[in-house]
Number of protein chains: 2
Amino acid sequence: MALADLERVEKNVDGIQTAISILKQRFGERLSTGQSLREQHAHTTTYIPSQLPDAVIFAQLTQDVADIVTICAQHKVPVIPFGTGTSLEGGVNAPAGGICIDLMQMNEILAVNEEDLDVTLQPGVTREELNIELRDKGLFFPIDPGANASLGGMAATRASGTNAVRYGTMRDNVVNVTAVLPDGSIVKTGARARKSSSGYDLTRLLVGSEGTLGVITELTLKLHGIPEQISAGACQFETVEDACNTTILAMQSGLPMARIELADALMTQMMNAYSGLDYAAKPTLFIEFHGTKRGVAEQTELFGDIAAEFGGSDVLWVDSTEARSKLWKARHDAYPAMLAWRPGCKGIATDACVPISRLADCVAETVRDCEERGLVAPIIGHVGDGNFHVSPLIMMDDTDEVARAEEMIERLNLRTLAMEGTCTGEHGIGQGKRRYLKLEHGVGADVMAAIKRSIDPDNLMNPGKVVTVHS
Amino acid sequence: MALADLERVEKNVDGIQTAISILKQRFGERLSTGQSLREQHAHTTTYIPSQLPDAVIFAQLTQDVADIVTICAQHKVPVIPFGTGTSLEGGVNAPAGGICIDLMQMNEILAVNEEDLDVTLQPGVTREELNIELRDKGLFFPIDPGANASLGGMAATRASGTNAVRYGTMRDNVVNVTAVLPDGSIVKTGARARKSSSGYDLTRLLVGSEGTLGVITELTLKLHGIPEQISAGACQFETVEDACNTTILAMQSGLPMARIELADALMTQMMNAYSGLDYAAKPTLFIEFHGTKRGVAEQTELFGDIAAEFGGSDVLWVDSTEARSKLWKARHDAYPAMLAWRPGCKGIATDACVPISRLADCVAETVRDCEERGLVAPIIGHVGDGNFHVSPLIMMDDTDEVARAEEMIERLNLRTLAMEGTCTGEHGIGQGKRRYLKLEHGVGADVMAAIKRSIDPDNLMNPGKVVTVHS
């Protein structure tokens, strides 16, 4: 087996050249065919080899995108939307060449509606930029994947992160999107009302479609008030099972955790080394509560009681912005911490999500698999969602090690599906997980392909990703 | 204009007769062509005239449904799924005849997964039945449309109700569905993990599709822990604007209201009369908080402070199950209370949902419209979501009154859309709102039609509802 199951797509060389010459007239300097820029636009935080687009265009308006897509449709040329390039499963590769639309110059926040707790913005705004803008208004946007990703890209991949246990994922926090469809028409998928029963849920169809059904050029997101009180802490356990069982009981007790993140013993050591911390070399839960002063006090106390039942250490709760930032920065730096642990390696960030009752088993069996195969593979996860990542650190020129990692990942995916889980909780299918889509969804994968064909009959929107069009 | 914009669909008389004779052999006594049963299965809580199916079959298994759909597909016969028959926009009418599949004998709760806070069940289980089953486990399912509807029907119409402000709608609380597709194949739309980035969101596509893409035969729902403390109360205001502004400020303050319901002065009087209460004849907010003892105490206090800023009355908070049940029973009895107010009338329950910042204006303009037209039209709504219902009480043989109600409703829908709202927050499109689908969604309505054609090319699944297949 190969790490990624890349679809063979034939390249329409003539059409691409014609489209580029027409687009060059329309976009001038904003279109580039330079090698390094094209390389940069196929390079992602992934183990999958780069496949370069033939040109990159920097869009500035929805109409720019509509023009590009229309011209490409006329000449049957693929279109690949691009944000921060932080996808993990080959989402921005161009297996059939074509035009990469870079959306990062579309980075305006168009309207913050404070009364409605929503914001309308362009897709190139990053989550950190948005939160800086919102801070003075007492509002924030909670979804935080590891990278400082663009919000359009986060919507396209149905991203989540550490706060999803409390605030949901992009699925739950996108009110509507404006998207350019494969025929160049522009659709707005919904009103600005917070709920609707009006027809098929096109917002949820576009969110998570990974650019295969349309290019998101504007979106409205739900916002949340910055809580009066935020307390964060770390709690250490003897075993991963104890940490998982603490999480389950806390969830069942209705404790409104804003974050509950697990690092296994290995990951904890890596964070110590990279971020200059001194946690014990044990499984660690990082927790955060949001609410009123009294409410959070009550919640941290209850959490402490639950953790103690499973042998958890005392939690030192920190409230100040500085102390919390330090705690979460170490968590967000998990990926560089891994890479630093084994210089020269690549980290293959897998993604599995199971019902929380199966989490401890799934993690334990995966750790055993890694140990048996001599893999250095730290685990970190959003355990309140049953979501975790195991990241084998691989020397890519060691073919035997690559093969052992492949086998472990294959077994992890099959184990996850057998446990009524999903092969990706938040990274998306891209190219890397396509082989599991059919295994997970069965007839559903055929329905997805039918939808894809009905909206994108020529398979021009980010082809070779997510669905297999021809079954 | 007509109250409902019914699509003309040609009836396939021969195919229907052939299918019925084949289905009769397969289902025997469980298939009926009796007039009264067919009438009952077209009758709903609606103003739209009944259009009867040609036969009703009581399904007991997913495979029953698959068999019915397969046979109907072979003979190009429409299929209409049926739950409790409480839809409000003609969702179970059979404009082209066909087979009504009654799913109410599929009423088993298959698995309650307490650790995962989810339940898997058949579509005929009603929300009240589920909550009775869950009570001993300390869990509950929050979504509560006015009727004691079936959970399959609630999923199909993307229903919500009074708790949606805190717990979301069916969109947010359905983990996956099993559905029979128009070709008779069976799809399960997702795993049991609480989040996923695996392919297109087929769960959200089926939820709210109103039986036009498939028949839901099993579903997994999120559950929630019964809170330690529940406090409810009523707060009265001089104006609807004051009540709306209180709601906005409470939402902005991050107060986690479990319910916040508005009755205008007229509706409040009707509730007094029907339920033997003695509220002042003023706009009233009914509020509920869920949480810990200390948390709820803090929240009710904060709410009181906010309401006072807008001239709200003191709130008498009640905690006991009995007192809360009495308060909410009066709210849930709003519909019979309306009908009792004007004996012989029909209540046309409209449904509009706007960004909350526009709610006061939208309600005020609607009240003015009703007054100018001499309509008796109480208002009740889920104001935390910006969702409200105005229900003109009409003598259906008074053609002038019907015309005035039609005009008011038309104006309400257009006003709602102009305010970036949706023409239905929770009732669905059915037949009654089809004319607004295109106005609301534009190109999106075409995308919906394309999806419908790709999954149901012969337009056999609940035809004449939601989408206009042939543009």
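**Figure 1. Contacts and overall form of chain A.** In chain A, 72% of the contacts with a separation of 6 or more are accounted for by residues 24 or more positions apart; two residues are in contact if their C-beta atoms, placed from the backbone, lie within 7 Å. The model is predicted: local features need pLDDT of at least 70 and side-chain atom pairs count only at pLDDT 80 or more, whereas totals for chains, interfaces and linings use all residues. Residues are numbered from 1 along each chain as its sequence is written, and chains are lettered from A, with ligands numbered from 1, in the order in which they are written. Chain A has 17 helices and 19 strands, which are DSSP runs numbered from the N terminus (helices: H or I, at least four residues; strands: E, at least two). With a radius of gyration of 22 Å, close to the 23 Å that the globule rule gives for 471 residues, chain A is as compact as a globular protein of that length. The radius is taken over C-alpha atoms, and the rule is 2.2 Å times the number of residues to the power 0.38. The C-alpha trace of chain A spans about 65 × 55 × 40 Å along its principal axes. Of the 471 residues of this chain, 58% count as buried; a residue is buried if 20 or more other C-beta atoms lie within 10 Å of its own, exposed if 12 or fewer, and partly exposed in between, with C-beta atoms placed from the backbone.

**Figure 2. Domains of chain A.** The domain assignment gives domain 1 (13-104), domain 2 (109-225), domain 3 (229-333) and domain 4 (338-418). These bounds come from an automatic or database domain assignment. Between the C-alpha centres of domain 1 and domain 3 of chain A the distance is 42 Å.

**Figure 3. Helix H16 of chain A.** Buried residues in H16(A) are Arg434(A), Tyr436(A), Leu437(A), Glu440(A) and His441(A). They lie on the same side of H16(A), because they cover an arc of only 145° around the axis; the arc is that of the directions from the helix axis to the C-beta atoms. The buried residues of H16(A) pack against H15 and H17 of chain A. After H16(A) comes Gly442(A), with a positive phi near 55°.

**Figure 4. Two residues of chain A with positive phi.** Most residues other than glycine have a negative phi. Glu420(A), which is not a glycine, has a positive phi of about 60°. Its place is the loop between helix H15 (399-418) and helix H16 (434-441), and Glu420(A) is buried, with 20 other C-beta atoms within 10 Å. Asn462(A) also has a positive phi, near 45°. Asn462(A) is found in the segment after helix H17 (443-455) and is buried, with 27 other C-beta atoms within 10 Å.

**Figure 5. The surroundings of Pro145(B).** Pro145(B) belongs to the loop between strand S7 (139-140) and helix H5 (151-156) of chain B. With 23 other C-beta atoms within 10 Å, Pro145(B) is buried. Beyond its neighbours within four places in sequence, Pro145(B) is in contact with Met154(B), Ala159(B), Ser160(B), Gly161(B) and Glu426(B). The C-alpha atom of Asn163(B), 18 residues apart from Pro145(B) along the chain, is 9.2 Å from that of Pro145(B).

**Figure 6. The axis relating chains A and B.** Chain B is superposed on chain A by a rotation of 180° with 0.0 Å of shift along its axis (RMSD 0.0 Å). The two copies are therefore related as by a two-fold rotation axis. Gly295(B) has the C-alpha nearest the axis in chain B, 2.6 Å from it. The superposition is by least squares on the C-alpha atoms of residues with pLDDT of at least 70 in both copies. The copies meet through the same surface, because 100% of the interface residues of chain B are also interface residues in chain A.
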